[in-house]
Amino acid sequence: MSTFLTSVAVDPDAAPAPSRDGDAASSIASRSDRPDATPWAASGSTADGRLSSPARLSSLDTLESEAIHIIREVVAEFEKPALLFSGGKDSVVMLHLATKAFWPGKVPFPVLHVDTGHNFPEVIEFRDRTVERLGLRLVVGSVQEFIDSGALAERADGTRNPLQTVPLLDAIQRNKFDAVFGGGRRDEDKARAKERILSLRDEFGQWDPRNQRPELWNLYNGRHTVGQHVRAFPISNWTELDVWRYIERENIELPGLYYAHQREVFARDGMWRAVGEASQPREDEQVITKTVRYRTVGDMSCTGAVESAAATVRDVVIEVAASTITERGATRADDRISEAAMEDRKKDGYF
Amino acid sequence: MSTTATVPESAAASLGLSSASLFRFATAGSVDDGKSTLVGRLLHDSKAILSDQLDAVARTSADRGFGGSGAAAPGGTQRIDLALLTDGLRAEREQGITIDVAYRYFATDRRSFILADCPGHVQYTKNTVTGASTADAVVVLIDARKGVLEQTRRHLSVLQLLRVAHVVVAVNKIDLVDFSEDVFRAIEADVQQVGRELGLGRQESSAVGVADLFVIPVSALDGDNVVDRSDRTPWYQGPALLEVLETLPAADELESHLESFRFPVQLVIRPQGALAPDAVAGGLDVENYRDYRAYAGQITEGSVKVGDKVNVLTPGQAPRTTTVTGIDFAGRELTEAVAPRSVALRLADEFDVARGDTIAAAGPAGGKIPESTADLYAALCWLSPKPLREGAKVLVKHGTRTVQALVRNVTGKLDLANFQLEPTTTLELNDIGHAQLRLAAPLPLENYLRHRRTGAFLVIDPQDGNTLAAGLVKDHPGDHEDERYSI
């Protein structure tokens, strides 16, 4: 995460300067012969360099301001918010936005992590270091503890992602959190595409897609009754590429496994799985060393790596822009269980 | 095995070159007018559909024996049903319905788009109002074989009420009328006629009127005039749908010319020594920030510069005038900021300013200062199965303030087919009507015609907290307003 420096500058985003907001890979080649300026574009600066008429914000700036607005609304209207923080890129971006929303003050809520017990050690290290740097309180819900006490049973396939729901709801209830920020995005999945930015959950943490409040203008209705809580998704409108471009622009630090590195892997279910304590190859599965990176960082038992030489954030932006497979399709075994996997988990109170 | 694609040189080279802005649009249509196919076509032709999604849709198309002339699956001859690309939740597939507004994302090298895909048949008013409330443009579909229907008039009426900046009417299935110019021109004339009746496209100074009304012949199934202009409609000289969406000014651009700065205060940032450790570690001058106080919010309209005179509006108090001394954005000091940026403002005077107050432009450029009032006259789009009755107690959420309110009168219900007001005392789901409310505390209300953000509010059920209605502030009766075209 970048450090904030105080400096005086004209709003750089008001200037019609080249930005990284182009999405070349999903653009339409035949359009490029058209002139760039539209007859309506507000632009033009005077001789002293001051803007005579402020231009529009870039797409990334608009998304950033929308997210900060939502974060501030939730903090202003709820008693006890918390932010789900796994060390994954979306939650890291969420935390970065929160630091910007309350600068120069501290982020005024704790972070919550549901630890599957199968996390990548370097991600846990990153989590702890980030929490320390920002002076935050970390609340951990442990899947392992629930398995040890018999409250949860290990699944036959060893995947622990679906087991996170119970410890998550338990942590929400025990800490009396009434709003929980998540880094969910609507482009991830067709269930998420229909979820509100403020999503009401009942006493069982369940999402009811048929009974959602209409979300109008930028007025968010977070009213809830005792026992209910709200999940807030301030980066709902961001795409995977937006997230990466923002990470690049803001110079945000991520766990190293998002970038290309050498790792011992084996092939399973059409994905490269890392060799680790909770992720052991079967006899017929051959372990090889490959240059890989992760597009999502979750439970080691169900998150796959992709072959990639993208070692820097710039490389990753280019790779994501050109990628032809969605991030969940490429790397999440749990979403392959069935076509409605995410929908079912959300109804049960999942993130 | 999933491996990432090799990056074409051209993609890498042009990544840093374009300066894309965000454009939000919604789609509205009747049953079977091909809206899902059109949305699928836009996503497909703008390459927003990735190969694993396309594979899944191709498999389903084959299973169902789809034989249309849709796009070809990658590496195969199987035609795919583009409508499946927007297939939603399992509950919807099981029941063959679309439950709710779905949001989709795609980008060209000129713009990033957020598309609110609004189902047409169930609760169309609720869905259209929801999608249109944040939209810069709405695409309304018409089946070329059917022409302008009752529902088309209703859709256009709702868009006029909400003052959507641009309306694009896509006359779809033009292939099924043999690309007939006569059919298209007749429908185009009908649309223009409805537009004139509703006041669509009417320009009015200082009002956020609907700026444009486009009519385009398209075939969503075959792609004619969707992304590229078609040579099968040589009689049509206008732009393709995506060209229009790429070049229309967004609502923010239109409203930035109003020069009426509005800033509802969300919260006060006052760390009182509890500074962010990472900011301090990054070299923040702790002494300088000991007494830091700034007002956080999002600029809803216009722009602000350091040195601008502004009014602090606290309901129930006279406006207090002061000067903006700083515009902070997470460690950067801006000299100027424009809607919809989220910032923190520092003011010259140490007023007591709190959440719920509004900071607004002062002086001649800012125009009229919003006056606080406890009498609210409004158009209500009723979105709840629980009907509105006179005498009901509700909550009104406006900007960053929520107050109690009493529904004094329901003064009429709009017949969307002819835009006439009919007498009624109740509003039901999907009704749009006029009502008068008495607020427990005054609010700085502004006419929605002139201020889309500060003229909008929610009506909330105090019991279960559900959103009951979308509210649009009207002028008080007596203040002259053209009743026919106004909300």
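Which domains does the domain assignment of chain A give?

1. The assignment divides chain A into domain 1 (59-240 + 340-348) and domain 2 (254-334); such bounds come from an automatic or database domain assignment. The model is predicted: local features need pLDDT of at least 70 and side-chain atom pairs count only at pLDDT 80 or more, while totals for chains, interfaces and linings use all residues. Residues are numbered from 1 along each chain as its sequence is written, and chains are lettered from A and ligands numbered from 1 in the order in which they are written.

2. The C-alpha centres of domain 1 and domain 2 of chain A are 24 Å apart. Across the boundary, 20 residues of domain 1 of chain A are in contact with 18 residues of domain 2 of chain A (C-beta atoms, placed from the backbone, within 7 Å).

3. On the side of domain 1 of chain A that touches domain 2 of chain A, α2 and α3 (121-134) each supply at least two residues. Helices here are DSSP runs of H or I, at least four residues, numbered from the N terminus. The largest share, three residues, comes from α3(A). This side comprises six nonpolar, eight polar and six charged residues (Ala, Val, Leu, Ile, Met, Phe, Trp, Tyr, Cys and Pro count as nonpolar, Asp, Glu, Lys and Arg as charged, and the others, Gly among them, as polar).

4. Helix α1 (residues 59-77) of chain A packs against helix α2 (residues 89-102) of chain A at about 75°, with axes 9 Å apart. Axes are lines fitted to C-alpha atoms, for helices over the stretch in contact, and angles run from 0 to 180 degrees between N-to-C directions. The contact involves A:E64, A:A67, A:I68, A:I71 and A:R72 of α1(A), and A:L97, A:A98, A:K100 and A:A101 of α2(A).

Conventions. Two residues are in contact if their C-beta atoms, placed from the backbone, lie within 7 Å.
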